Every structure is written in C-alpha cells, then in structure tokens.
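Let's take a friendly tour of one protein model. Have a look at the sequence and the 3D view, then read on.

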Amino acid sequence: MQPSLSEIPILRDAAPELLAAIDAETEWLSVPSGWPLLRAGEPPEGVWFLMSGSLGAFKADERGGYQLLGYVRPGEPVGEMAMIAREPHSASVFAMRDSELLKLAPDAFDRLVQEHPDFMRHVARLMLTRSRSGGAASPRSDPKVYALIATSPTIDLKLRARTLQAALRRLGCKAAMITDADEAALTGEGMNSAWFDALEQKNDAVFLVSPIADTPWFRTCLRQADRIWFFARADARPSFPLLPPEEPSPARQFRLVDVVLLHHGMDRKAATTDEWRLACDASRLFHWRGLEDEDAARLARVIARRSIGLVLSGGGARAYAHLGVVRALREAGLPFDALGGTSMGAVVAACVAMGWDDDEIELRIRKAFVESNPLGDYVLPVVGLVRGRRVEERLFDNFGDTLIEDLSVPFFAVSTDLVAGAPRVHRAGMLRKALRASISLPGILPPVVEGAHSLLVDGAVLKNFPVDVLKDMHRGPIIGVDVARREGIDPEDFRDPPGFMGWVAAHGLQSAPPIASLLMRAATLAVDPWQGRSGADLLIVPEMADLDLRDWKRFDEAVASGYEAAVAALQRPHGLFQSPHSDLLTNLSPGGPLEIAE
C-alpha cells in the first residue's frame, strides 16, 4: 500500500483542497535501483515527491567519481530549489533502490503556486528546515540499511550482526537483522520498497545479512543497501575482483563500500590489508580483533552516527599542546574513531592511532623532540637546512614498519605535492614515510621524492587544518584542535641579526636559528591559518600567544595549555559531552563550533 500525500511531512497540515490540487497535477513514476533521476547541470524539469524507496544526492569529485551528499527518504521532495530558482541542478540524484515518486511538471508547479499560495509556504518551510539542519549533521546524510556480506563461509555473520545489535542497544539504538530465511518467509507478501521503508521507520539501522552467493537474496541485499560492509578474514586472500562486475548495486557504483577485517588471535597473514581494500574497491577499512570489544563498540558508533573524529593542525612546537588536549578528552571518556592531521599534528594523531596511552605518548615525544634536537644535523643548504637523518631515525624508532591501513583507528596524514600543486592525503602505506612527508617544511627538511612525478613537502603549505579531509571519511561529530596563529613570526628576530657563529655562541647548536621561522612562515603564507575552523563541531584553540613554532624546549608549557583549553571546552554550559558514549554525541550542536579562543 503506497502512502498518501497527507503522509508527506511538509503536507501533513495542508488543506484538503491543496492536497486534491496536488493529486490532480502529479504523475506517478518508478525509478529502478541505480538509475538517475536528475543530473547536475541539467535544467529543472519539475519537483518530485519520493513516496517509497531511497534516493542519493551526489556531487562530482576531483577523481571523476561521485561524493555522497545525503539520502532522500520517503516523504521528501527533490528538485524544489532548482525549480524555484529556475537554475540548473547543483547535484545529481540516483535511485539507491527501486523507488516510487510523484512528479510535478514545471507548468503544474507554477499553477499550484499561483492558485494555492499556501503551497509555497509549505515548500519554504521545508527549505528553511533543511538549511538549518543540513550537511553532515543532518540525519538525511547518513545510511540506515547495511548489507553485511561474508566473503568466507567460515565467517559467522549472524553472530557478528547480533554483537553489533547489542552494542547499538547500549547506545540506545535499535537494529533489525534480516536474513535469507526472513525473505523466504515473506515470499508472496512482497519484500518491496514500501516494506523496506516501514522497516527503516521502526529501526535506527537495518542489517541485510548474506554470504557472497549466486542467489536472489544476495542480489537483493546489494540492490537495497545504502552501504555495503564486506566482512573478511585477515588470514585469507581475496579474489580479484571480489564480485563480478555484472552484479548491480548503487552502493558499489558510488563506492559506498567498506571492509571489516576480522582477526582471530595470531593471524596467518595471507594478504595485506590494502589488498582487501582494493579487492572490494572500498572507501573505508575497519579492523575487528575480538568480539564484544572496543572494535565492536567503534563499529556501533559508526552505524549510529555517533563516532568521534579528531583532527590536529600543524604548528611546529606549538603542536605539543595536542598532547594535553588528548589527555583531557580521554579523561572525559571520549573515544576517538577516526584520526588525522597535518605536520606535527599528524605525528601526535599517529601516536594516538598506535594505541599508546597518554604517558607513553608524552615520553616518546619528549625523547624525540625535546631531549635532543631532531633538526640538529645542519648542512650547507642545497635542498634543506638539515639532512633529515635524525628525523627519519626517530620516526623509525617509534613507528617502525607499521602500515597506516593496519592501525586500529582509521587515520590519515596530509602532505603537499609540489609537482601537482595539490594536497596529498595519505591513508595507506608506510606510516613513518607519510609522517616524514607531512613534516617536511620546505627549506628546512629535504622533500620526499615519491615515484617519478611527486615531490612531497609539509602539508601545512596548502592544508594546515584538514577538517574537510576528515569529513570525507567520517560521518559524526568532529573535534578540531588548531594551534596555528596569524602572527607566525616575530620581526625582532630579524633586527640586526648576528652571524652564524654569533648565533651558535649565544644559543648553541641545539636551538633552531630564526631562519627556521622565516622559512616556516614563507612556506605557509598563502594559507589562512584559521581555514577550516568552521568545519569542526567542537573547536579547541589553546592559548599560547608567545610560544613560537621553533620553541621545542617549551614542552610542558604547551602541553599544559592544551589540557587547560580542552578542560574549559568540556566544562562550558552547552550540554556538550556530558556522557562518554551516547548523549554526548547527540548533543553536539549543528549550529556552529564551540570555540575556546586565544
């Protein structure tokens, strides 16, 4: 049974004569799963009301693919903004599963506006609601129907689904699990789009559970899912490709695919983690090492849209403040479900992603950057002031041969490709090499040569506070810690400067000369140091007015500043972060970031 016009949220209180007029003007149409409804750049052809099914709105990305903007659920209109403005559509809309819609053609829309002015009031109210709650904070942008696909017959997928259901219940969320047995029981009744719509309305998440198999149920799971999660054994090898290309799935078409790699004690590593990612053409990768453990809790937070992302800016020695922030957030019971950063912020984020506790992180950073100068191997400059060997030794001592994709928490670091003139986001490969590139400030550390056409330097040159990168890989609240400042250099350092020997006599070889600040400032001058701050749901800006980028010995002072700023943020009377695993996440305000400013 299809819903009536009165069940559309924006028309619930509409007058009967308006509903009758809309019903007389609309035409019914069906859009199969995966088909386009409208494309970006096309002129408006009317307004559609989704009656059953699911639509996805996408924009083109820089790689020639699509980036998901959000889902359109039953009862919501599509194309109304382009219709009112008489401008081309700004996004493309595809059917995520078989969908039924009502269409108002342009002339019919105009007649309704002229003959029933109240119709425009209903549409305007919807547009206002969307503008207030849109973007990543809107529930419309999140998946609800997950296809949980087992890549091996030895994976107990029902046990995993039940474990996720239990973890979601602890968050106050309800998830339904649907198997091939349920489909068989419903044969004749119809597991159609309207049935899925009703299931979504009753649950916070829906799990469609199936092994990879040549069955109608498996194909139904792929066709009906908002997002696909492939469950794979870490001690097995994937086939290439994992699925034949003829298997239809909008989620696969738009790379709304993730891998959950299952570990069983001492794994025999048969394939690299990245091989599984490539085989599934996945955009994200998660590890699940036990059963009812922190990994299960993290996956539940991801499904419930309550996972927390942490992004840390670059800033030289000022980035020590990140350690104090991390300690304060952990003391408040906050988990980190995605991590990333630029330059020294990436180094600190990597320490957290390694699973080290606060004391171990402080010990390692103090030993690597405070007790001795990692930039002390000065050389007559050809490509840098220092050789960079000390930095590479310290990175190897701390991170060894760890791969980014093997970290417990999804992680990224940002560098700058001088040849391409664009940021480079490192989400796979050797962790220490990504960090070496991310901290290679031009003129100080030698750049990293990668392949035949890439020259990588510090990410701060183009993107010092990469909140937007985290938004692309994480849906949920984002905590941003920015230690940059506008006045990044002190002119007094350059008034009647001493010669090199005079500087050494006064400061020794362990202290970086003013040219270090000069090069840092010159390399990052084109970037607004506060760029990206508005993208964080909680913004923490430690107060360190007189602490310079090269004050590597002022460790304790910077850490204390970060700790105090984070504690102050958590104590503000905004209802933020009151309990560590449920209400704290739903209370994040979508109206803008909470800032603890300098």
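Is serine 343 buried or exposed? Serine 343 is buried, with a relative accessible area of 7% (buried means under 20%, exposed over 50%, partly exposed in between, with a 1.4 Å probe and protein chains only). A quick note on the source: this is a predicted model, where local features need pLDDT of at least 70, side-chain atom pairs count only at pLDDT 80 or more, and totals for chains, interfaces and linings use all residues. Residues are numbered from 1 along each chain as its sequence is written, and side-chain values use heavy atoms, leaving out hydrogens and water.

Now for backbone angles. Most residues other than glycine have a negative phi.

Arginine 255 sits in the loop between α9 (250-253) and β11 (257-262), while serine 343 is in the loop between β14 (338-342) and α13 (344-353). Helices (H or I, at least four residues) and strands (E, at least two) are DSSP runs, numbered from the N terminus.

Next, the sheet. Six strands make an open, parallel sheet in the order β8-β9-β7-β10-β11-β12 (strands pair if DSSP finds at least two bridges between them). At the edges are β8 (175-178) and β12 (284-288), each pairing on one side only. Inside that order, β7 (residues 145-150) and β10 (residues 227-233) pair in the parallel sense over five bridges, and tyrosine 146 has arginine 227 in β10 as its bridge partner.
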